[in-house]
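Me: I'd like a close look at one part of this protein, with the details spelled out. Could you walk me through it?

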Amino acid sequence: MADTLILIPARMAATRLPGKPLADIAGLPMIVHVLRRAQAAAVGPVVVATDSPEIEAAVQKAGGRAVMTRADHASGSDRVFEALGIADPAGRAKKVVNVQGDLPTLAPADIAAAVALLADEAVDIGTVAAEIARAEERDDPSVVRVVGSPVGQGRLRALYFTRATAPTGDGPRYHHIGLYAYRRAALERFVKLPPSPLEKQERLEQLRALEAGMRIDITVVDTVPRGVDTPADLETARRILAKA
């Protein structure tokens, strides 16, 4: 899709696992695994946005494209917005996908599912979630849950995101996957908004968009990709991808 650009923010200074974008998984740096899965989604060009020459070199060695951004960004969304101006200064891309650089097992189809939500002109941001099936995920504060209202088969309109167990009562709960497809204008609006009260309380920046009245829709997918935040996560990703 000529109007869609995928951007992958990646930095070396992760608190719990410094240097993780270059961590070896099945013979390749983690960032290269994410790059290849984004390319496999086949929705548009893929660019890594980084402040690290080492990450830039690893991406280029793998045949990918990387752009250098400032080191002082408060979030991946801010880095993505800067990279968008560098990678597409003419404004050709009308849809921008933010794929986290620590999701080496992300399904390419999930990226395409998030972008497909933008076919609805009422939607500002598309994302994905999976129904929680493991009991330990229902109350884990590291799992971000989305509360949404059904608007179609396998599709929700986001009402709230939280680290708490929600909603209460019987029924499904959904594990949010940190992947966003923005309209370009929505991304620009989002990054220019100040952090919102609920965003600061929950430490979830997507709440800034909801508090500003932006619409986020969600496609429900089958599985949650393995995020890599700790050494234990890295070993799990290595086991998964060694079998792939």
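Predicted model: local features only at pLDDT ≥ 70, side-chain atom pairs only at ≥ 80, totals over all residues.

What follows is a look at one helix pair and its surroundings. Which residues in helix 3 and helix 5 meet?

Reply: Let's start with the two helices themselves. Helix 3 covers residues 76-87 and helix 5 covers residues 184-192; their axes come within 10 Å and cross at roughly 125°. An angle of 65 to 115 degrees would count as roughly perpendicular and one over 145 as roughly antiparallel, so with its roughly 125° helix 3 is oblique to helix 5. As for handedness, the crossing of these two helices is left-handed.

Now for the residues you asked about. On the helix 3 side you'll find Ser-77, Asp-78, Val-80, Phe-81 and Leu-84, and they meet Arg-184, Leu-187, Glu-188, Phe-190 and Val-191 of helix 5. Sorted by type, the residues of this contact come out as 6 nonpolar, 1 polar and 3 charged.

The structure holds 2 aromatic pairs. In one of them, the ring centres of Tyr-180 and Tyr-182 sit 6.0 Å apart with the planes at 35°, so that pair is tilted. Tyr-182 also pairs with Phe-190, and this pair is tilted too, with 6.1 Å from centre to centre and 40° between the planes.

How exposed are those rings' residues? Buried means under 20% relative accessible area. Tyr-180 has 9%, so Tyr-180 is buried. Tyr-182 is buried at 3%, and Phe-190 is buried at 2%.

While we're on burial, helix 4 (residues 108-116) is worth a stop. Its buried residues are Asp-110, Ile-111, Ala-113, Ala-114 and Val-115. What covers them includes helix 1 (30-40) along with several strands: strand 1 (4-10), strand 6 (95-99), strand 7 (125-131), strand 10 (174-183) and strand 11 (216-221).

Strand 10 leads on to a backbone detail. The loop between strand 9 (155-162) and strand 10 contains Pro-167, and the peptide bond from Ala-166 to Pro-167 is cis, with omega near -5°. Most peptide bonds are trans, and most residues other than glycine have a negative phi.

On the phi side, there are two alanines to look at. Ala-26 has a positive phi of about 55° although it is not a glycine; you'll find Ala-26 in the loop between strand 2 (24-25) and strand 3 (28-29). Ala-42 also has a positive phi, near 55°. Its place is the loop between helix 1 and strand 4 (46-50), and at 60% relative accessibility Ala-42 counts as exposed.

With a relative accessibility of 65%, Gln-201 counts as exposed. Gln-201 and Thr-162 are 39 residues apart in sequence, and their C-alpha atoms are 9.8 Å apart in space.

Conventions
Residues numbered from 1 in each chain as written. Heavy atoms only, no water. Axes fitted to C-alpha atoms, helices over the stretch in contact; angles between N-to-C directions. Helix = DSSP H or I, 4+ residues; strand = E, 2+ residues; numbered from the N terminus. Parallel < 35°, antiparallel > 145°, perpendicular 65-115°, else oblique. Left-handed = near helix turned anticlockwise from the far one by under 90°. Contact = heavy atoms within 4.5 Å. Nonpolar A, V, L, I, M, F, W, Y, C, P; charged D, E, K, R; others polar. Buried < 20%, exposed > 50% of the residue type's maximum accessible area, 1.4 Å probe, protein only. Phe/Tyr/Trp six-rings, centres within 6.5 Å; stacked < 30°, edge-to-face > 60°.
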